[in-house]
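Reader: Please show the sequence and the model, and then let us discuss how its secondary-structure elements are arranged.

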Amino acid sequence: MNNLEKIAAFHKLGQKIVDLPEDEIVKLAAAAKAQNGWFSYESVKNALEGIAFMLEKNKLEEWVSKYDFESVSPKVVGIVMAGNIPFVGFHDLLSVLMSGHFAAIKPSSDDQFLMKTMVDWIIEIEPRFKRNIEIREKLTNIDAVIATGSDNTARYFEYYFKDIPSIIRKNRTSISILTGKETDKELSALGEDIFSYFGLGCRNVSKVFTPKGYDFRDAFPHFEAFKEVANHNKYRNNYDYYKSIYLINKTPHLDTGFVLINSTDELVSPISVIFHQEYDEIENLTSVLDGFKEKIQCIVGKDHIPFGKAQRPELWDYADDVDTLKFLTRLT
């Protein structure tokens, strides 16, 4: 298949997702939740909307126009997928197929149903892709690998795949920088960046920086629209646990009734907790963030990713800022 045919196929996939009947999304979400209790209806629908957002024809055309596919020699590329949010491995699969390689997929045990469903849709729309996709239990006899996991599993991946070209991703999180001049609309959108997928994604904001003299409590009313997260049993268990820990240890914190705020210089907050830190000068904050460079996925705020858009990446917003398509088109 040439690029135009692949673009047409994935554009059709985007249209299929847009046109999914509500009852089918409900069924997908129910089946996904049976496999992974974090996969709520809202999370599955949000993930589907994010994929459809990427698969607009003009975006696909713009994305691939920056690469040379003519000299690509097809390889077997293993994809070790994470399972923290629904369909999280889709972009890697899309990249491998667009670049003309064979995708050997190892879905997370937490996201097997949804990824198999996605593969079925792709082959249904363009049967020729069947020759280029295989779901595997073990990734042997591969020429390259894209693997996503925790810091611990990354060390295993680095050893196991040391002899082949690789992209290996570790734990990351995202932050927001407030200036104190945000509008009500922007603060409400920040809630989306924090609470979508219950905060489980690496693009979810887990820490907020505010200027000295700014009362972060002023933002709390804008988060009220997301208080329903506390009705999810897994999220609630986290909230109750960390609230108890803070109370027992007499750790100063704020409590909205559905999320805890802990002022600390640490970066990665647990689920149901927002870390908060003040800064005096933006220049000083920049030096602080440089120390966390390898742990930050994205930054939300003015002059950065717009509020509410952290979980709506474009095709060219590569995880860990590593250009996946460049890697794939240069495999030899």
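Reader: In which sense do strand S7 and S10 pair, and over how many bridges?

Author: This is a predicted model, in which local features need pLDDT of at least 70 and side-chain atom pairs count only at pLDDT 80 or more, while totals for chains, interfaces and linings use all residues. Residues are numbered from 1 along each chain as its sequence is written, and side-chain values use heavy atoms, with hydrogens and water left out. Strands (E, at least two residues) and helices (H or I, at least four) are DSSP runs numbered from the N terminus, and two strands pair if DSSP finds at least two bridges between them. Strand S7 (residues 205–211) and S10 pair in the parallel sense, over five bridges.

Reader: Which residue of S10 is the bridge partner of serine 263?

Author: S9 also pairs with strand S10 (residues 273–279), in the parallel sense and over four bridges. Within this pairing, leucine 260 has valine 273 of S10 as its bridge partner. For serine 263, the partner in S10 is histidine 276.

Reader: Why is S10 described as largely enclosed by the rest of the structure?

Author: A residue is buried if its relative accessible area is under 20%, exposed if over 50% and partly exposed in between (1.4 Å probe, protein chains only). S10 is largely enclosed because the number of its seven residues that are buried is six.

Reader: How many residues lie between S8 and S9 in their hairpin?

Author: Strand S8 (residues 254–255) and strand S9 (residues 260–263) run antiparallel and are joined by two bridges. Aspartate 255 stands opposite leucine 260 in S9. In the turn, glycine 257 has a positive phi of about 100°. The hairpin formed by S8 and S9 has between its strands four residues.

Reader: Are helices H2 and H6 parallel or oblique to each other?

Author: Axes are lines fitted to C-alpha atoms, for helices over the stretch in contact, and angles run from 0 to 180 degrees between N-to-C directions. Helix H2 (residues 22–35) packs with H6 at an angle of about 140°, with the axes 8 Å apart. Angles under 35 degrees count as roughly parallel, over 145 as roughly antiparallel, 65 to 115 as roughly perpendicular and the rest as oblique. H2 and H6 are therefore oblique.

Reader: Which residues of H6 make the contact with H5?

Author: The axes of helix H5 (residues 90–98) and helix H6 (residues 112–125) come within 11 Å and cross at roughly 30°, which makes H5 roughly parallel to H6. Contact here means heavy atoms within 4.5 Å. H5 contributes Phe90, Leu93 and Leu97, and H6 contributes Met115, Met118, Val119 and Ile122.
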